[in-house]
Amino acid sequence: MRSSSNDRRPAAFATRLAWTSLAAALVGALWATGAWAHATATKTDPASGALLDTPPSEVVVEFNEPVTPVDAATGVVAPDGDRADTGLTQNEDETVLTIAVDADDEGTYLVGYRVVSHDGHPVSGTFTFSVGAETEAPSAEALVAGTDPFVQALLYGNRWFGYAALALALGAGILLVAGARPRHLVAKMVATGLAVVAMTAVLGLPLQAAYETGTSVSGLDATGLQTVMESNVGLAGLLRLLLVLLALPLMRIIVTSEAEPRPLLVTGLAGVGLALAATWPLAGHPMATEPVVVAFVADLVHLAAALAWAGGVLALLILALRRDGEIPDRTGETWLALVPWLVANVLVAGLASGLLHIDSIEALTETTYGRLVILKAALFVVIVGVGLLTRRALLRGVEGRRRLRVAAGVEIVFLAAVMAAVAVLVQAVPAKTALLETETGETQSTETATLVTTDLYSAQVVLEPGRPGPNSVRILADDLEGAPFAATEWTAEFRLEGEEPEEMRLISLRTGVLAGEVSLPEEGRWVFTFTLTDAEGNTATAEAAVDVS
């Protein structure tokens, strides 16, 4: 492939595009101050710890954002340990759960919930109330729901194949428009990619339902599947199928026509490809991250550019391996001009997305999410280095075909590894809410939240991860009107039930939010007691009991 002043024009144009993207995205990254939105319970009726004269007919739990309940793990346990709930409903905004209760027995009842927030992560919590007299709180075993490891693995694999398939469709589509030959072979790559995207969209729905409800695939019921179909994940899956159907007639026009594809047709295909890429962030972390628009755009640009890059390399490798595969000079020049722009978008959009979810060195180095980001960054550096070899081989045209096979093959191996990391990353809890996730194999976390009410304030005690060992404690306190409670002084202690208490040091993160660190050496019921005082000297003490297992 010979170079000339005309040949250098696409590269110069791509360089300008890359620098423009870099500048714009850096401004967006520096401007965006993301806050991870996590579903939390804000109010309950009966109040946590309430002693009632007559049994309630229902229990109400309000949340700060729309949630989807997991029916099997949301309910009320009677003093004798049996389920006392008879039904579960939500309001139109999906922010209030109403649990119908058959509470005839006297004693202490345990209310537990497991809900799925917008990002697809389960969040759980418990609180108690008593009827007639207080007794020992029942166990929460009747409400336990976890994630089947086999379901988790299938979910990862399905997502990986979805990424790889869309990458092939995007990359081969670019080369098809750029004149790669034979046209039927390149078109077949695009069609294969689109078909697998559709297949993973269908398979992903029952897998997500099993993941959210904590059941196996064989144990999944129609209710769990319907819940997913009505969520962002279900909407994204259906959109994926519709977009694949929309792309097929456009592809047919390009393949059957001998003339160069018209700009309007190319623009239409590019729009469909971009929309397909958008279906993943639509059902992921960006929808629960503030500012949502910045988070969504950053994720979309990062994913679309990365998949187009990976798919282009894969399509080049397939053409280089086949005897009838042709990579005309114009095709190679177009691809080489486009790669720097794709790489710049991957880099800067990834940086912007990372800043929204990682706000400290500790979050980067001590969470699963942060470690996966480090792994991605390391692989990115290696891929760029190998990509330079691919570029050099492509510039040599037919003479560099053998080197192209080797370089593109190595590049694809590392790109596949990045996709695997991303498949796990999007299921991991973002670093801001997972600083205490110490097990590298942990891919999800649930918060244990207990609500307490006093005459001065109501508070939610959040224990994370709610297992023996190091834990983070957050106290989210509101005054009786629902505004953050401005505590000027506070004391706190914690103890294993029946043991002597230990002091718990708390710091104020902002008005209404106190945080501390504790070490819980064993399973059991841990009691957290704290006293909050406001500027006027009003004081109230609350006590929350949390089952740790």
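Asn-471 sits in strand β14, residues 469-479. Helices (H or I, at least four residues) and strands (E, at least two) are DSSP runs, numbered from the N terminus. This is a predicted model: local features need pLDDT of at least 70, side-chain atom pairs count only at pLDDT 80 or more, and totals for chains, interfaces and linings use all residues. Residues are numbered from 1 along each chain as its sequence is written, and side-chain values use heavy atoms, with hydrogens and water left out.

Asn-471 is buried, at 0% relative accessibility. Buried means under 20% relative accessible area, exposed over 50%, partly exposed in between (1.4 Å probe, protein chains only). The Asn-471 side chain reaches the backbone oxygen of Gly-469 at 2.8 Å.

Now turn to helix α3. The helix spans residues 183-213 and holds Thr-200. Thr-200 is buried too, with a relative accessible area of 4%. A polar atom of the Thr-200 side chain lies 2.9 Å from the backbone oxygen of Val-197. Beyond neighbours within four places in sequence, Thr-200 is in contact (heavy atoms within 4.5 Å) with Asn-158, Phe-161 and Gly-162.

Next comes the sheet. Four strands form an open sheet in the order β16-β15-β19-β20, with antiparallel pairing. β16 (502-503) and β20 (539-548) stand at the edges; each has a single partner strand, so one side of each is left without a neighbour in the sheet. Two strands pair if DSSP finds at least two bridges between them. β19, residues 524-534, pairs with β20 in the antiparallel sense over 10 bridges. Thr-533 stands opposite Thr-539 in β20.

Definitions and conventions. Polar contact = N/O pair within 3.5 Å; in protein donor to acceptor, adjacent residues only side chain to side chain.
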